[in-house]
Amino acid sequence: MAHLMRAAATLLLVGSGAVQAKLPEPSPEAKAKAEEAKAKAAWSDKVAAFQLCKAQDRVATHYHKEKNSQPATVTTPACADPGPHVPPEAAAAPAPVTSVSVPPSVAQKK
């Protein structure tokens with residue numbers, strides 16, 4: 001029994017070294033694809049929150065209509081529509097390069 005336990009411990013120690021191996025750096029394409037997936041997931045979460053908000057509004061309206069009561073005057077933020085999905089590359093388009101004016105005092109030092 002002790003022999004079996006010692007063998008299992010040895011296998012665990014040897015196996016744990018292989019598990020801690022460092023993975024290579026992802027390629028730029030893989031990084032871009034991961035960023036796109038992350039942005040799309042965030043947008044999907046916003047769409048789900050918007051749909052939930054609209055459904056809650058419909059339920060509250062129906063409840064007050066059936067009970068013939070007035071809703072309590074509670075200020076809640078309006079449901080914010082996230083709009084269409086915009087990929088990160090299109091959202092973060094590079095700003096146009098403009099010329100920078102240099103003050104005359106700095107220009108004369110050259």
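This tour moves from a helix to a disulfide and then to a pocket. The model is predicted, so local features need pLDDT of at least 70 and side-chain atom pairs count only at pLDDT 80 or more, while totals for chains, interfaces and linings use all residues. Residues are numbered from 1 along each chain as its sequence is written, and side-chain values use heavy atoms, with hydrogens and water left out.

Select residues 28–67 to begin, which form helix α2 (helices are DSSP runs of H or I, at least four residues, numbered from the N terminus). Its 40 residues reach 58 Å from the first C-alpha to the last, close to the 58 Å expected at 1.5 Å a residue (1.5 Å times one less than the number of residues). Within α2, colour V47, F50 and C53, its buried residues (under 20% relative accessible area with a 1.4 Å probe, protein chains only).

Next, show C53 with C79, which are joined by a disulfide with an S to S distance of 1.9 Å (a pair of cysteine sulfur atoms within 2.5 Å); the structure holds 1 disulfide. C53 lies in helix α2 and C79 in the loop between α2 and α3 (88–91), so the pair ties together parts that are 26 residues apart in sequence. The torsion about the S-S bond of C53 and C79 is about -80 degrees, so this disulfide is left-handed. Both C53 and C79 are buried.

Finally, select Q56, D57, A60, V74 and T76, which are the closest to the centre of the largest pocket among its 13 lining residues.

Key:
Helices (H or I, at least four residues) and strands (E, at least two) are DSSP runs, numbered from the N terminus. Buried means under 20% relative accessible area, exposed over 50%, partly exposed in between (1.4 Å probe, protein chains only). On a 1 Å grid over the protein atoms alone, a cavity is a set of points where a 1.4 Å probe fits but cannot get out, and a pocket is an open set with protein on both sides within 12 Å along at least five of seven lines; lining residues have an atom within 4 Å of a point.
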